Structure formats: C-alpha cells, structure tokens
Amino acid sequence: MHSFARHRHSEASKASATETKGLILNGGWRYDLTGWFHDTFSFRGKFRELRQRTANLARIQPGEQVLDVGCGTGTLAMEVARRVGRAGRVAGVDPGTEQIARARAKAARRNVPIEFQIGVIEQLPFPDQTFDVVFSTLMMHHLPASLKRQGLAEIARVLKPGGRLVIADFKRKQERTGQAARFHAGGSSMQDLAAIVSEAGFEHLEIEEMRPPRFSAFPGAGILRAYKS
Ligand SMILES: C[S@@+](CC[C@H](N)C(=O)[O-])C[C@H]1O[C@@H](n2cnc3c(N)ncnc32)[C@H](O)[C@@H]1O
C-alpha cells in the first residue's frame with residue numbers, strides 16, 4: 001500500500017497542513033483498491049477484521065466526539081460515524097490531499113457527516129480537550145521516533161481527561177515469518193509503542209494481538225488502547 005507514497009520534508013519549525021517528516025500517502029481511490037485487493041486475495045479478510053476490532057476496542061458510545069489521525073481515505077471514520085450516531089461528531093485529518101478528497105467523496109455519497117481535513121499530527125487543528133476518542137491506524141510506522149513523541153503529545157492535548165487513544169499497526173517486518181515477511185508495508189513494535197505512549201502520559205494500556213492466519217500474507221497486527229490520565 002506504499003506504491004503511491006510521496007515524501008515531504010519541512011524546514012519550518014511550525015508544521016503547516018501538509019508539511020511533515022512522516023510519509024504521506026496519496027493514492028485516494030487507488031489506496032482503497034490496493035487495500036481491497038490485498039485483503040481479498042492475500043489477507044483473507046484480516047484487514048477488515050482489524051478495522052472492526054480497532055473500532056470495538058474504543059468502546060464508542062453514541063454522542064461521542066472522535067478524531068482519526070492519519071485517516072487516509074476515511075474507511076474507519078465511516079464505521080465510527082455509524083457508532084456515534086447523529087448526536088456525535090467524527091473528524092479525520094491526513095496530509096494526503098487525494099486521501100482526503102476520496103474520504104470526502106465516500107462520506108458525501110453515503111450522506112455521513114464527517115469533517116475530513118488536510119492536516120498533520122504535528123499540529124492538530126482542534127482546541128485542547130475536544131475529543132473522547134482519538135484513533136491512529138496503520139500510521140505510526142510512517143513517522144520517525146521523534147515525531148511519534150510529538151504526535152502523541154498533540155493527541156494528549158486534544159483528548160479530554162480520561163479520553164481513549166486507540167492505535168493499530170502492522171507487526172514490524174523483523175517479527176514476521178512466512179508469506180507475511182514479503183508484505184512490503186512497514187509496521188511497529190507494540191512494546192516500543194507502549195513505552196512511548198506511557199511516556200506521553202497515558203495509562204491503563206491494553207494490547208490486543210492479531211496473529212497472521214495460516215496461508216495468508218497478513219503480517220499480524222497489534223491494537224493498543226490507553227487512557228489519558
Ligand atoms: C497506511 S495509511 C493508513 C490510513 C488509514 N488510517 C487506514 O487505516 O487505512 C497512513 C496514513 O498516514 C498519513 N500520514 C503520514 N504522515 C502523517 C502525519 N504527519 N500526520 C497525519 N497523517 C500522516 C498518510 O498520508 C497515510 O494516509
């Protein structure tokens with residue numbers, strides 16, 4: 001899913017909406033098509049299952065306010081919008097202009113009111129203590145270590161006290177075996193992630209593991225939930 005990737009580096013100290021040291025993906029509809037292709041023919045549905053389990057772990061309640069950072073083409077945000085209902089609010093940010101265009105088109109087609117905007121984890125365009133839940137799925141491995149720390153501090157800023165952070169990511173390449181070792185997208189060590197999430201002031205961490213099924217290229221994944229103290 002990295003075939004349409006594009007790097008951008010910022011010299012400025014203050015991040016603008018698309019300037020990041022992260023890896024921007026800009027596939028739009030091609031991102032969705034590639035994801036569908038992998039899931040259908042080589043992941044045996046595990047990609048879809050990962051999204052469902054990520055949403056489940058957040059224990060979303062109707063009426064809650066939810067942000068998806070690095071939302072890509074908005075698939076998880078759409079599922080979350082169904083769960084918060086019309087009384088809730090869902091926002092998604094991503095620096096990929098084609099990703100956001102695709103996310104907006106999907107939401108409009110299904111008449112789901114989600115605020116998708118171009119933005120980066122370095123500087124989230126929301127006031128302090130806005131959200132009950134913040135998601136980050138398959139995104140952390142796109143960021144260098146220093147940016148992960150900066151991004152987690154931003155997430156902590158926009159979460160309400162007691163708010164939930166849910167991070168999902170593929171297993172890192174060094175930990176994969178069999179067909180899964182050939183899948184080209186990167187991943188994270190959940191232990192390393194858990195350490196920096198704790199350092200950022202989150203507590204009550206829980207990690208769910210998704211093991212790769214037999215005869216599948218699904219690389220395995222971890223889903224981490226933590227609460228802002
Ligand atoms: C593999 S995609 C995952 C997209 C989506 N969350 C999903 O599960 O399909 C990673 C996304 O992170 C975005 N990204 C990269 N750097 C970022 C940053 N600094 N802030 C926010 N998103 C970023 C990319 O543009 C890309 O859309």
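Helices here are DSSP runs of H or I with at least four residues, and they are numbered from the N terminus. On that basis, the secondary structure of this protein, which is a predicted model, comes to six helices and nine strands. Of its 229 residues, 53% count as buried, and among the contacts with a separation of 6 or more, 72% are accounted for by residues 24 or more positions apart.

The outside of the protein can be considered next. The protein exposes about 10,500 Å², and 51% of this area is supplied by carbon and sulfur atoms. On the surface there is a nonpolar patch formed by Trp29, Leu33, Trp36, Phe37 and Phe41, which together have about 630 Å² of accessible area. One of these residues, Trp36, lies in helix 1, the element that spans residues 29-41. Trp36 is classed as partly exposed because its relative accessible area is 46%, a value that falls between the 20% under which a residue is buried and the 50% over which a residue is exposed.

Lys148 is buried, and yet Lys148 has no salt bridge. The nearest side chain of opposite charge belongs to Asp169, and it is 6.6 Å away, whereas a salt bridge requires a side-chain nitrogen of Lys or Arg within 4 Å of a carboxyl oxygen of Asp or Glu. When residues up to four places away in sequence are not counted, Lys148 touches Met140, Leu143 and Ile196.

Notes
Residues numbered from 1 in each chain as written. Predicted model: local features only at pLDDT ≥ 70, side-chain atom pairs only at ≥ 80, totals over all residues. Heavy atoms only, no water. Patch = residues over 30% accessible without salt bridge, like charges linked within 9 Å, V, L, I, M, F, W, Y side chains within 5 Å. Areas by Shrake-Rupley, 256 points an atom, 1.4 Å probe, with all protein chains shown as cover. Helix = DSSP H or I, 4+ residues; strand = E, 2+ residues; numbered from the N terminus. Buried < 20%, exposed > 50% of the residue type's maximum accessible area, 1.4 Å probe, protein only. Lys, Arg positive; Asp, Glu negative; His and termini not counted. Contact = heavy atoms within 4.5 Å.
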